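I opened this model to see how the chain packs. My notes follow in the order I looked things up.

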Amino acid sequence: LLSTGALVCALRPSLRARAGAGVLLGLAALVRGNLLAAAPVLALGLLWPERALWMRPRALFVSSAGKGALVFLAGFLLGVAPATLRNRAVSGQWVFTTTALGHTFYTGNSPWSRSGAFEALPFVRSEAEFEESDFRAEAERRVGYPLDNVAVSRFWFREGLGFVAEHPLETLRRFGVKLWLLGNDFEIFDTLDMKTVALFAQVLALPLPTAGFFLPLALVGFWASRKGRATQL
């Protein structure tokens, strides 16, 4: 709902609508962390009409598209701000949303992620309750001294980058698998799959349309939207 609202607002030309799109996408990113990656993509989309000015930053950001993109990004930061400020108050550190970046990156770029899909790490129990503490314990075991949350995330991010640097061809192969799985109708799970959750939430057991149904329609809509704002919404 939040991401759809962000898109609807982004299609409107006013600066107020662009700010609203940013706030809604920021709130959506607090619900689903991978939407953080959508912010720069959508900002570039707002700048696309003025792409002829991309090599002239000063002219770009005084244009209507440039102002809209800046207002959008400001709204996005405003939407995320409650989590960032709370993190600062609780931990004393500036953490944008969570400190799970390194953990997630290493999970997909480690010697154990051979298929390119999710595979459990041998030192992490596949239960959300223990994932953070298990990552911390293994990181502290390897370095030999205590680490805070930010340091743990940085450690695992560096470990993942190290694997990528040592195995570039294998990383490209896995990335290809991940792109293929992006359009898969079955979402690979790490703890509980949707069929298990459906035992407790019967609405999920209904024959509802899945990602495999919507993705082709989304691609058709994306292509049709090239004709202008009248077809975008």
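I started with contacts, meaning heavy atoms within 4.5 Å. Among contacts between residues at least 6 apart in sequence, 52% join residues at least 24 apart.

This is a predicted model, so I noted the rules: local features need pLDDT of at least 70, side-chain atom pairs count only at pLDDT 80 or more, and totals for chains, interfaces and linings use all residues. Residues are numbered from 1 along each chain as its sequence is written, and side-chain values use heavy atoms, with hydrogens and water left out.

**Confidence.** I checked pLDDT, the predictor's confidence in each residue, from 0 to 100. The protein chain averages 89, and 98% of the residues score at least 70. Helix 2 (residues 15-31) has the highest mean among the elements, 96. Helix 12 (residues 229-232) has the lowest, 70. Where pLDDT is low, the predicted coordinates should not be read in detail.

**Overall.** I counted elements as DSSP runs, numbered from the N terminus: helices are H or I, at least four residues, and strands are E, at least two. The protein chain has 12 helices and zero strands. The C-alpha trace spans about 55 × 45 × 40 Å along its principal axes. I took buried as under 20% relative accessible area, exposed as over 50%, and partly exposed as in between (1.4 Å probe, protein chains only). Of the 233 residues, 27% count as buried. The accessible surface, from the Shrake-Rupley method with a 1.4 Å probe and only the protein chains shown as cover for residues, comes to about 15500 Å². Carbon and sulfur atoms hold 67% of that surface.

**Cores.** Which residues hold the largest nonpolar core together by touching the most other members? A nonpolar core here is a set of buried Ala, Val, Leu, Ile, Met, Phe, Trp, Tyr and Cys residues joined through side-chain atoms within 4.5 Å. The largest has 16 residues, and Ala-10, Leu-25, Leu-42, Leu-46, Phe-72 and Phe-76 touch the most other members. Helix 1 (2-10), helix 2, helix 3 (38-47) and helix 5 (64-91) each give two or more residues to this core. Helix 3 gives the most, with five residues. I then followed Leu-25. Leaving aside neighbours within four places in sequence, Leu-25 is in contact with Ala-6, Ala-38, Ala-39, Leu-42, Phe-72 and Phe-76. Another core, of 10 residues, lies apart from this one; among its members are Leu-121, Val-152, Phe-155 and Trp-156. In soluble globular proteins, nonpolar side chains tend to be buried together.

**Helix 8.** Helix 8 (residues 149-166) has 18 residues. From first C-alpha to last it reaches 26 Å, close to the 26 Å expected at 1.5 Å a residue; the expected span is 1.5 Å times one less than the number of residues. Its buried residues are Val-150, Val-152, Ser-153, Phe-155, Trp-156, Gly-160 and Phe-163. Their cover includes helix 6 (101-108), helix 7 (128-143) and helix 9 (168-182). What caps the N-terminal end of helix 8? Asp-148 does: a side-chain oxygen lies 3.2 Å from the backbone nitrogen of Val-150.

**Thr-107.** I found Thr-107 in helix 6. Thr-107 counts as buried because its relative accessibility is 15%. A polar atom of its side chain lies 2.7 Å from the backbone oxygen of His-103. Beyond four places in sequence, Thr-107 is in contact with Ser-113, Phe-118, Glu-119, Leu-121 and Phe-135.

Is Ser-63 buried or exposed? Ser-63 sits in the loop between helix 4 (57-60) and helix 5, and with a relative accessible area of 11% it is buried. Not counting residues up to four places away, Ser-63 touches Glu-50 and Leu-53.

Lys-67 is in helix 5. Lys-67 is partly exposed, at 42% relative accessible area. Leaving aside neighbours within four places, Lys-67 is in contact with Leu-15, Phe-61 and Val-62. Lys-67 and Leu-46 are 21 residues apart in sequence and 9.5 Å apart, C-alpha to C-alpha.

Ala-17 lies in helix 2 and is buried, at 10%. The C-alpha atoms of Ala-17 and Ala-38, also 21 residues apart along the chain, are separated by 17 Å.

Terms used
A polar contact is a pair of N or O atoms within 3.5 Å; within protein, one must be able to donate a hydrogen and the other to accept it, and residues adjacent in sequence count only if both atoms are side-chain atoms.
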